[in-house]
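Hi,

Here is the structure I promised to pass on. Have a look at it first, and then read my notes below.

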Amino acid sequence: MTKPATGNTPTDGRRSWLRDHSELGVCALLLALGVLVLTDALTMDVDIAQRGPVGPRTVPVVVGAGLLVIAALLAVDVLRGGRGQAEAGEDVDLSEPADWRTVSLLAGVFLGAAVLIEPLGFPVAGALLFWGAAFALGSRRPDRDPLIAAVVSFVTYAVFNNLLGVPLPGGPLMGVL
């Protein structure tokens with residue numbers, strides 16, 4: 001049996017083109033973000049806040065327009081053959097596959113914290129988030145990691161809630177904190 005030749009099918013050609021022009025994904029993201037900012041800015045109700053030629057719409061419109069211009073310029077550069085340069089100090093081996101286990105664990109921990117923040121409050125959900133992230137990234141110190149996560153979470157809660165005046169859900173610990 002012979003193996004079919006690779007690189008000769010139209011699908012391989014498309015994949016190769018997409019891989020060589022992957023920066024177009026950044027262009028699409030900038031375009032979508034620019035459209036979102038402009039849409040939000042232009043539908044903003046500003047009758048009460050308008051006090052002169054420069055109102056609350058001005059900065060978002062400038063930022064949104066800038067995002068659209070940057071997306072277009074970057075797309076033209078990429079389609080003309082421009083490529084982003086890797087950092088000289090970057091030590092990432094691009095030939096190695098992505099570590100999807102770690103990515104999945106981090107995504108799960110983040111989504112779990114988002115679900116638990118309302119019923120348990122920020123201090124508990126934040127501690128679970130910090131401890132879960134440390135675990136997902138490779139730390140295996142069950143004697144130290146939960147303690148550090150709890151301290152970081154409670155300090156973050158205290159700083160935001162008490163010092164900065166940004167109310168975070170306290171959950172069952174609301175009366176204690």
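I started with helix α2, where the buried residues are C27, L30, G34, L38 and A41. Looking down the axis of α2, you'll see that these buried residues fall within an arc of 65°, so they line one face of the helix. Turn to the other side of α2 and you find L29, L36 and D40 exposed. Part of what covers the buried residues is α3 (58–79). Do keep in mind that this is a predicted model.

As for its dimensions, α2 runs over residues 24–42, which makes 19 residues. From first C-alpha to last, α2 reaches 27 Å, close to the 27 Å expected at 1.5 Å a residue.

Next, a pair of helices. Two packed helices are described by the angle between their axes and the distance between the axes. For α5 (residues 122–136) and α6, the angle is about 135° and the axes are 8 Å apart. The two are therefore oblique to each other, and α5 passes α6 in a right-handed crossing. On the α5 side, the residues that meet α6 include F122, P123, F130 and W131; among those they meet in α6 are D145, P146, F154 and Y157.

Is D145 buried or exposed? It is buried, with a relative accessible area of 8%. Leaving aside residues up to four places away in sequence, D145 touches W131, S139 and R140.

Cheers

Conventions: Residues are numbered from 1 along each chain as its sequence is written. This is a predicted model: local features need pLDDT of at least 70, side-chain atom pairs count only at pLDDT 80 or more; totals for chains, interfaces and linings use all residues. Side-chain values use heavy atoms; hydrogens and water are left out. Buried means under 20% relative accessible area, exposed over 50%, partly exposed in between (1.4 Å probe, protein chains only). Contact means heavy atoms within 4.5 Å. Helices (H or I, at least four residues) and strands (E, at least two) are DSSP runs, numbered from the N terminus. The expected span of a helix is 1.5 Å times one less than its number of residues. The arc is that of the directions from the helix axis to the C-beta atoms. Axes are lines fitted to C-alpha atoms, for helices over the stretch in contact, and angles run from 0 to 180 degrees between N-to-C directions. Angles under 35 degrees count as roughly parallel, over 145 as roughly antiparallel, 65 to 115 as roughly perpendicular and the rest as oblique. A crossing is left-handed if the near helix is turned anticlockwise from the far one by less than a right angle, and right-handed if clockwise.
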